[in-house]
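Thanks for coming. I will walk through one structure today, and I will keep it short.

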Amino acid sequence: MVKVGVAGYGVIGQRLADGVALQKDMELVGIADLAPTLSIRALREKGMPYDLYLVEGADKAQFDAAGIPYKGSFHDLIGKVDVMLDSSPGGVGAKNKELYEKAGVKAIFQGGEKNSVADVFFHGYANYEKGLGANYLKLTSCNTTGLIRSVDCLDRAYGVDRVAITIIRRAADPGDYHRGLTNALQMDKAPSHQALDLMTIMPHVEATGILVHTPVTHGHIITVVAHGKNGKKITRDMALEAFKTHDRIRVVRLADGFLGNASFFRYARDLGNPRGDMYEIGLWEDSIVESGDNIMYAINIPQESVTIPETMDGIRAAMKMQSDSRSATGETNKYLGLGKWKK
Ligand SMILES: NC(=O)c1ccc[n+]([C@@H]2O[C@H](COP(=O)([O-])OP(=O)(O)OC[C@H]3O[C@@H](n4cnc5c(N)ncnc54)[C@H](O)[C@@H]3O)[C@@H](O)[C@H]2O)c1
């Protein structure tokens, strides 16, 4: 059993912890955090299914006052694991890395860290093999994770040499107050980092794109225009066939009620998924269109949960649990129940 710890039990960390707990070939040793946040208080009310360790600077008196038990220090947790999943706030992971290095423990960082924090910028489908045995991986951000899933899907099936994307980006996660209440769209400077990140992971694809922030919380939407490699046109039928076979892409139709980002959130809640999470991206069948030699489509990114499967793949790569992407993603998908909607 590979022993795993999670640093930072926030939006991403609590989902990573649940994801690891579902992997039958991994053991979640514990989680670490700094403050008795709402997520930590909810963990206590659930009966502490995961052991808590306190990072340096945590005020123990606050945890004691809230009746939240802890097992020890961050240092203790690091000493018990093979790999740490670091989901502390962006930039903090780079500082935590010094502790991981000292202890000789591998670590996987999330999208808010600089690329330089890791040896490999990682995606479970597009470059799994590069992560094999690596000490430090960094996951792509939520948008890039979902975007690469769909582009890699077409690339593997038919070859892709160029993409252009538009990202309609949610401004905050549900429950965030610190980002303010807004009623405006905001432009980012092009090309968006997701297009540049895609080229880092898939260097054979030329990518560019525009990002627009929107005052919503339930998911991003990305439109993608893709061009087949060597001028080989990808038709609507070809794209649909490839997307339908992918276990991390849920193909949906407007006529069935999937009208937009909020429909996915509602459907996930109706399924009884914890927190209304979806590990898969949504892809509208009705959005797939041809434009000359290009194929165009739109995907929905559930930002809080989409990076969890690829992070599990990252553990598999770093610990050399499987030697190739196909078998590693297959194991992760099996334990997370991905692709089950096709049965
Ligand atoms: N929120 C998203 O939708 C999303 C999506 C993909 C990737 N990410 C990335 O995931 C990472 C975490 O983001 P988040 O949204 O989960 O943040 P968050 O603020 O919800 O959670 C961070 C947690 O880390 C804790 N923390 C603070 N200092 C710490 C320390 N020194 N050591 C350990 N824990 C500490 C905080 O108390 C908090 O519980 C970031 O890199 C972010 O860019 C976020």
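Let me start with Gly-72, which counts as buried because its relative accessibility is 17%; buried means under 20% relative accessible area, exposed over 50%, and partly exposed in between, with a 1.4 Å probe and protein chains only. Before going on, the ground rules: this is a predicted model, where local features need pLDDT of at least 70 and side-chain atom pairs count only at pLDDT 80 or more, while totals for chains, interfaces and linings use all residues. Residues are numbered from 1 along each chain as its sequence is written, and side-chain values use heavy atoms, with hydrogens and water left out.

Back to Gly-72, which sits in strand 4, residues 72-73. Helices (H or I, at least four residues) and strands (E, at least two) are DSSP runs, numbered from the N terminus. Which residues does Gly-72 touch, leaving aside its neighbours within four places in sequence? They are Leu-52, Tyr-53 and Leu-54, where contact means heavy atoms within 4.5 Å. Val-55 is 17 residues from Gly-72 along the chain, and their C-alpha atoms are separated by 9.1 Å.

Now Val-11, in helix 1, residues 11-22. With a relative accessible area of 29%, Val-11 is partly exposed. Setting aside neighbours within four places in sequence, Val-11 is in contact with Asp-173 and Glu-304.

Next, the core. In soluble globular proteins, nonpolar side chains tend to be buried together. A nonpolar core here is a set of buried Ala, Val, Leu, Ile, Met, Phe, Trp, Tyr and Cys residues joined through side-chain atoms within 4.5 Å. The largest one has 39 residues, and those with the most contacts inside it include Val-4, Val-20, Met-312 and Ile-315. Helix 10, residues 307-318, gives the largest share of this core, five residues. Apart from it lies another core, of 37 residues, with Phe-121 and Cys-153 among them.

Ile-315, leaving aside neighbours within four places in sequence, has contacts that include Val-2, Val-20, Leu-85 and Met-321.

That brings us to how helix 10 packs against other helices. Axes are lines fitted to C-alpha atoms, for helices over the stretch in contact, and angles run from 0 to 180 degrees between N-to-C directions. Angles under 35 degrees count as roughly parallel, over 145 as roughly antiparallel, 65 to 115 as roughly perpendicular and the rest as oblique.

Take helix 1 and helix 10: their axes are 10 Å apart, at an angle of about 55°. That makes helix 1 oblique to helix 10. In this pair, Ile-12, Arg-15, Leu-16, Gly-19 and Val-20 of helix 1 meet Thr-307, Ile-308, Thr-311, Met-312 and Ile-315 of helix 10.

With helix 11, residues 325-336, the axis of helix 10 comes within 9 Å and crosses at roughly 130°. Helix 10 and helix 11 are therefore oblique to each other. On the helix 10 side, the contact is made by Pro-309, Met-312, Asp-313 and Arg-316; on the helix 11 side, the residues include Ala-328 and Tyr-335.

How is helix 6 set against helix 10, roughly parallel or roughly perpendicular? Helix 6, residues 142-158, packs on helix 10 at about 80°, with the axes 9 Å apart. The two are therefore roughly perpendicular to each other. Cys-142, Thr-145 and Arg-149 of helix 6 meet Thr-307, Pro-309 and Glu-310 of helix 10.
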